[in-house]
Amino acid sequence: MPMLLPHPHQHFLKGLLRAPFRCYHFIFHSRTHLGSGISSARPFNSLGLHCSKWMLLSDGLKRKLCVQTTLKDHTEGLCDKEQRFVDKLYTGLIQGQRACLAEAITLVESTHSRKKELAQVLLQKVLLYHRKQEQSNEGKPLAFRVGLSGPPGAGKSTFIEYFGKMLTERGHKLSVLAVDPSSCTSGGSLLGDKTRMTELSRDMNAYIRPSPTRGTLGGVTRTTNEAILLCEGAGYDIILIETVGVGQSEFAVADMVDMFVLLLPPAGGDELQGIKRGIIEMADLVAITKSDGDLIVPARRIQAEYVSALKLLRKRSEVWKPKVIRISARSGEGISEMWDKMKDFQDVMLASGELTAKRRKQQKVWMWNLIQESVLEHFRTHPTVREQIPLLEHKVLTGALSPGLAADFLLKDLTVVNHSHPTVP
């Protein structure tokens, strides 16, 4: 939006057509014009916007735009068929129907512009329902969100299957959001995580959803936050998010969950990696997997080394000290004790208020991630940028311009252009 403000207002308003919702409240100052002969008093129907309210203010700065939306405004832009579709998904979702949950997650993962609008209406309805449920629960979270990460071969899927079966037997409803690496050619995922959880996938109290990363960094998908909200709306009280797990940067999930668990294999050759300020400093619990048979001795050694490494790192919480434990999904050793420590973490963080503050901070991170994504999309699809990109790419490929200068030119081109378009240097 800041990039679009220097342009005539008709360009700005037309840019809003690509936004998720089509109903706005507009407040303009009396001197404000929408550019090129379109005064602020003229109806916006010619721009394709449904303006439900507008007013002129007597004084103020130029080009001040206030956009306010409500759920009622959002649903006004839907046709009857779309409204019935959203209502059907919402009703089935809050009733716990797995098919509606799967269809809802597919909807929010869609990149189709109109489906994005429907997804936002559905998410807003689910969010309002979720807040009412939390208010009836004395303001406490209804679900426990746990992020799982670790290098390939750490046994994440094997652990989740054993751990999930234990939780469902104790009466919990478990949702597993498994993030798979994407194919570079098709963009889809191998769905390998679900195929390794055969028993858990047949459990009616467990829901497993593999999703491709599609180029998103940090070990999660673009819509992981939305999928978490939908799973909680469907009544699942424990949400496990398994990241891709390919390196020390796979900790973006820490900004989406209540507890971040790091799974590490013994004798993996990375004993010194824990001392580095990478993924280890984000972990609330470190679990050394495969602690059975001949690997018991290496697992104990790795446990001691990580206990020492954690002492060198700055505390992320005032009430919780990260723990290092040993587990085995094959023998079941340490799994029950691990769940006890996870419940202790939840209780301590809730009692101190840190969990509530953490979730509020995560809401802001979620919002800004969406803003960055939307601004980048608007930037790439802006007519001026779209015209210049092929020319600049040619200049970069031929060596006439460095990538940095090309990027600077595009940014300056978009911010200074008004009615004329500069040419590539």
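# Surface patches, loops and buried contacts

Visitor: Which residues form the negative surface patch?
Guide: A patch takes residues with over 30% relative accessible area and no salt bridge, joining like charges within 9 Å and nonpolar side chains (Val, Leu, Ile, Met, Phe, Trp, Tyr) within 5 Å; a salt bridge puts a side-chain nitrogen of Lys or Arg within 4 Å of a carboxyl oxygen of Asp or Glu. Asp and Glu count as negative, Lys and Arg as positive, with His and the chain ends not counted, and each charge is placed at NZ of Lys, CZ of Arg, CG of Asp or CD of Glu. In this predicted model, the negative patch is formed by E333, E337, D340, D344 and D347.

Visitor: What kind of model is this?
Guide: Residues are numbered from 1 along each chain as its sequence is written, and side-chain values use heavy atoms, with hydrogens and water left out. Local features need pLDDT of at least 70 and side-chain atom pairs count only at pLDDT 80 or more, while totals for chains, interfaces and linings use all residues, since this is a model that was predicted.

Visitor: Is D344 buried or partly exposed?
Guide: D344, which belongs to the negative patch, is found in helix 11, residues 335–352 (helices, H or I of at least four residues, and strands, E of at least two, are DSSP runs numbered from the N terminus). Buried means under 20% relative accessible area, exposed over 50% and partly exposed in between, with a 1.4 Å probe and protein chains only. Because its relative accessible area is 42%, D344 is partly exposed.

Visitor: How far apart in space are V286 and S149, C-alpha to C-alpha?
Guide: V286 sits in strand 8 and counts as buried because its relative accessibility is 0%. Not counting residues up to four places away in sequence, V286 touches L262, L264, I280, L310, K323, V324 and I325. Although V286 and S149 are 137 residues apart in sequence, their C-alpha separation is 9.9 Å.

Visitor: Near what value is the phi of K290?
Guide: K290 lies in the loop between strand 8 (285–288) and helix 10 (296–311), and is partly exposed because its relative accessible area is 35%. K290 is a residue other than glycine with a positive phi, near 60°.

Visitor: Where is E138 placed?
Guide: E138 is a residue other than glycine whose phi is positive, near 60°, and E138 is exposed because its relative accessible area is 69%. Its place is the loop between helix 5 (113–136) and strand 3 (144–149).

Visitor: Which residues make the nonpolar surface patch of about 290 Å²?
Guide: One member, M367, is placed in helix 12, residues 354–381, and counts as partly exposed because its relative accessibility is 42%. Accessible areas come from the Shrake-Rupley method with a 1.4 Å probe, and for residues only the protein chains shown count as cover. The patch is made by M367, W368 and I371.

Visitor: What share of the 425 residues in the chain is buried?
Guide: The chain has 14 helices and nine strands, and among its contacts between residues at least 6 apart in sequence, 77% join residues at least 24 apart. Its accessible surface comes to about 21,900 Å², of which 55% belongs to carbon and sulfur atoms. Of the 425 residues, the buried share is 44%.

Definitions and conventions
Contact means heavy atoms within 4.5 Å.
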